[in-house]
Structures are given as structure tokens and as C-alpha cells.
Amino acid sequence: MAAMDTNNLSPQSIALIANFGGYPQRVAHDQEHRRHVQAVQERLVQLEAQVAALQNEKGQLGDAARQLLFNHDVMVKSTVDGSLCPARKSTLIAASAYFQTRLEATGAELGDEEGVVSLDATPEAVRALMLELHLPGCTDRASLGQSLAFEVLQLVAMLGGPADVGGTAELDNPMSKVATLCTNAFVMGRSAERIADPVECAAFCAALTSSIDHVDTLGSDDRHAWLVEAFREVGASCARSIRLAKSDALPLDALSPAALLKVLDAPIATQIRAPRYVVILRWLAARWSQLPLGASSVHAKLPDAFALAIPKEVGIFLLRCLANGAPALDSLDALNAGEDIEDTISKHDELSLKPASNAEFARLWVHLVDSMACCGHLGFGQPGARWVDAATFSRMLSLRKLKVDSEETVLRAFLEWAEVPGREASVIDQVAPLVRFPLVRVCPPDGAIKDALSRVYRRSPVVQALVQEALVLQQEVSRKGEAAACATFKPKRHALAIDGVSADVERAKKRKLCVNDAVPGVSAADAADALMA
């Protein structure tokens, strides 16, 4: 639309026209304002209805509480301070078979006065349980707190459910509802902040240990499935809190192997935590006197060098011994001295390849090995390699997330490990296939590995086959190019230490983190130069 010519209009007329121009916007704003006012009024009506309902519920609860106070027929006593809480027999009997037994027996037989049932619990826990049993749904979950919620849950576990609960888990009984309330209060009450108080952390450790014990004790009976699930959730929540605790607040000596596994398995999104291998090594030092290291382990003093944490390679050795139920102290002394270790190394390798006899220590060993490998702790050096058994080294080399910069680093670590006195050729043969020889130039080999590779080559038939296989592929790469040569390459299968069976190993494929690795080409000139060197 053409613009209006206002040159001949008075200032008053121009202002009037301008005001009319803004009229549609004012109308739209006014309509939007009325919509907001209407929405607020509707929400106010809803809130007033909720307030009225809450006041009505409050009145009903008050009436119920007064009826309980004046119409109770039994008292529940806390043994902690002797305080009494009113209750009704019919409610208690319907809730728990334990109460039914107690109320049917005479007080004298159980040390109680007539009409009194004693519970070994704090008065707060007794009152919270009685309140929820007699007035279901009246407890504010947020007001319970984690400590009281866990104490009530333990009290529920002691009392059990009603006598008529069948073989399947019945989730509609009064005690299961209390357990659900306490579980939700405990889990939802977990703080997102890292625990810095050792006392608070110790309380979580105790709750985790108790939860594990309850699950183990009750897990075989389907009638207690609702309790088992409750303690599993509480234990998982404790484990997450402990996993995020600050190092100086963590009482590692209070954690059993089963509890430590729960902590290590806890799903934590944040990276603000110690690596698993650090936690395990510190735990080994803290629990030293409690570890079944041998007949004399209770009298063995923790070596001063291990005061803060067990060295990585020593930790691997100890956990492997514990997993296999082998005495570790004598071997520990021999390996520490580094003299006459051939027999110790041979026996330790052989034992490591057998099935573990202790599942918990075996899982801790897996956590330790995997965490170390993924954090870049593959190379132990010549002194440290003596502690690393065949199963451990095999697992490290088989991990997809092994943190190394090149396959040559892997080969160097393998040669150091293979040259430890006492390392049998048959054991070397079962680990060598996990080294990707084609990715390392073998003709001529780098001067840093040449001598060691020659010695291991002469001892191990499998290493000989792997080096020859690598050389053939590298010569093909020189003729056809890497892509064409690797497309038709089929590595030979060899028996592996892990599982003791043959398996395909993609030896021409670089590892995930070795971004610069490739199969080098070896020409006839390279081979001639190596031969004449």
C-alpha cells in the first residue's frame, strides 16, 4: 500500500494517525494479557483445590493419629532408650509374621512386659515404622533422610513380611510398601557432591556391606524378593557415592572384595574420580593384613615400599595368586630379590592359565589389568616384567582399548616379558600371536629391538612363524601397495593363552589408538642390506 502524504496535515492530525497505526498491536497485546490472566486464575483454582485436599487429608491423619493414641492395645519399645510407641495388634500382625509370633507368645518368655514388644532399634526408627504401618502414605520421603531410611529398612528386614506371603514376591504387603518408601528416600537423598568427610564415607561403606549381606542372606528365598531388590538399589546408591568420594575420605580397609567390586562397577558419568587400578592398589595396601596371602599372612608386615599403594606389577601378581588360591608370600620375597626366580616364574605362568578358584579376586584382577592397559601402563621394563604372568599379558594385548602409541611399543614390551628368566618357550608361543608383527619392520629390525628379537626368535617356533609371516606381507606391500597386499592377507591361527584355543588375530590391522601405524614395505634391496649387515 502506498504511503500516505502527510505534508498538508496539521501536527495534531499526524499524531492521531500515528496512534491509530499502533492500534492493532495494542489489541494483540491486550488479548495476550487476558489469556495469561485466565491461565493464572485457572492455576489458582487448581492450587486452592489441592490445598483443600491436603487440609482434609491432614484432618483425617490427625483423627487417625488420635484414634491410635487413645485406642492402641499394644506398645512397641525401643531397646535403645526404653521409649514406647503406641500400636494396634491387628495392624502389626497383618504386617509381619514376626509380630504375630511375638504377640502370641507371653511377654515373660521374651523378657517383655505384658502388651509390650521390644525392638532393637532407635526410637526414631521405631516411630517411623509404626507411623507408616498405621498411617500409610503419611511420611514425607524428604524428611526421612538417608540414615533413618536405611535404619528403618534394616528393621523391616529383621521383621520380614506377613505370614501369608506366598512363594512369589508379593509387593502389596505393608512391609514392602515401607521398604519401597525407605529405598526411594535413600536413593533420592544421595547428594551429587563428592564426599569429603571420612565419617560420612565410612557410613556409606557400612551400609554397602550390610546391603550385600542382606542380599546374600535373603536372595535364596522368593518370598523376600522385594527386600532383596530394595537392598540392591540401596547398595548401588552407596557404591556410586563411595566411587565419587575424595581419596583421603575413603576408608578402603572397610571394604570387602565384594564391596569393592560394587564400587568399581558403579556407573559414574563424571571423570572426577581415581582410575580403577589406583583404587585397587590402594585397597591392597589398606587390606594387607586381611588378605589370604598364605599360612603366615596374618603375621606378615606390609613392606615399607608398599605403604601408600602396592606397585602396579606387584598388584597384578598378588591378585592373580589370590584368584588362584596360591600362597603369595614366598614367591613375593623371591621376586622382590630377583634371584633364582626361574622356578617361581614358570609355576606362576602355569597357574595363571588355569581357571580361577576365587571369583571375586578374579574379577578384581580383570578390573586391575583392564584399567592399567587402558591408562597406558603396558611397558613394565625388565625388572617389572617378572611379575606379569601369561594370562595378564595376554589379556592386556587382547584389549581393543589398549593405550599404546605404536605396535613397536607392544613388541618391545613383549620382548622384555619373554626374556624374563623362567619364561617357558611354550608360554611365549601362546602369547606371541597377539603381537601384530606385520606393523613393525622386521627386515631389518630397529636396532633397539634387534638383539632381543633375535634371542626370542631362536627360542620360540611361533615367533619364528610370525616374523616370517610379517616379512612375506611386507614384501607384498612393497610390490602391490598396502591396501592390495592386506586385502588378500590371511594370518595363520595359533593357540592362545587366553581360553587355550586358536583364534583369528587381525595382525595387519593397526590398533585403535595407534593412528600412525601401517604395514611397511620391504624391498629386495632392504632384504639384501639386512642380510649383509
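Okay, let's start with the rings: there are seven aromatic pairs in this structure. Bear in mind that this is a predicted model.

How do you describe a pair like that? You give the distance of the centres and the angle of the planes. Take Tyr-98 and Phe-99, which pair edge-to-face, with 6.1 Å centre to centre and 70° between the planes. That counts as edge-to-face because the planes are over 60 degrees apart. So are these two buried or exposed? Tyr-98 is partly exposed, at a relative accessible area of 27%, while Phe-99 is buried, at 0%.

Next pair: Phe-150 with Phe-231. These rings are edge-to-face too, 6.3 Å between centres and 85° between planes. What I like here is that the pair joins distant parts of the chain, 81 residues apart. Phe-150 is in helix 8, residues 146–159, and Phe-231 is in helix 11, residues 225–243. Both Phe-150 and Phe-231 are buried.

One more ring before we move on. Look at Trp-365: the charged end of Arg-320 sits over its ring, 4.3 Å from the centre.

In soluble globular proteins, nonpolar side chains tend to be buried together. In this model, the largest nonpolar core has 138 residues. Which of them have the most contacts inside it? Those are Leu-129, Met-130, Phe-414, Trp-417 and Phe-437.

Let's zoom in on Phe-414. If you leave aside neighbours within four places in sequence, Phe-414 touches Phe-393, Ile-428, Val-431, Ala-432, Val-435, Phe-437, Val-456 and Val-463. There's also a second, separate core of seven residues, with Leu-439, Leu-473, Phe-489 and Val-519 among them.

Now, Phe-393 was on that contact list for Phe-414, and Phe-393 is one of the buried residues of helix 19. How many of the nine residues in helix 19 are buried? Seven, and the helix, residues 390–398, is mostly covered. The buried ones are Ala-390, Ala-391, Thr-392, Phe-393, Ser-394, Met-396 and Leu-397.

What covers them? The list includes helix 14 (312–324), helix 16 (342–352), helix 17 (359–374), helix 20 (407–418) and helix 21 (425–431).

Methods:
Residues numbered from 1 in each chain as written. Predicted model: local features only at pLDDT ≥ 70, side-chain atom pairs only at ≥ 80, totals over all residues. Heavy atoms only, no water. Phe/Tyr/Trp six-rings, centres within 6.5 Å; stacked < 30°, edge-to-face > 60°. Buried < 20%, exposed > 50% of the residue type's maximum accessible area, 1.4 Å probe, protein only. Helix = DSSP H or I, 4+ residues; strand = E, 2+ residues; numbered from the N terminus. Lys NZ or Arg CZ within 6 Å of the ring centre and 35° of its normal. Core = buried A, V, L, I, M, F, W, Y, C linked by side-chain atoms within 4.5 Å. Contact = heavy atoms within 4.5 Å.
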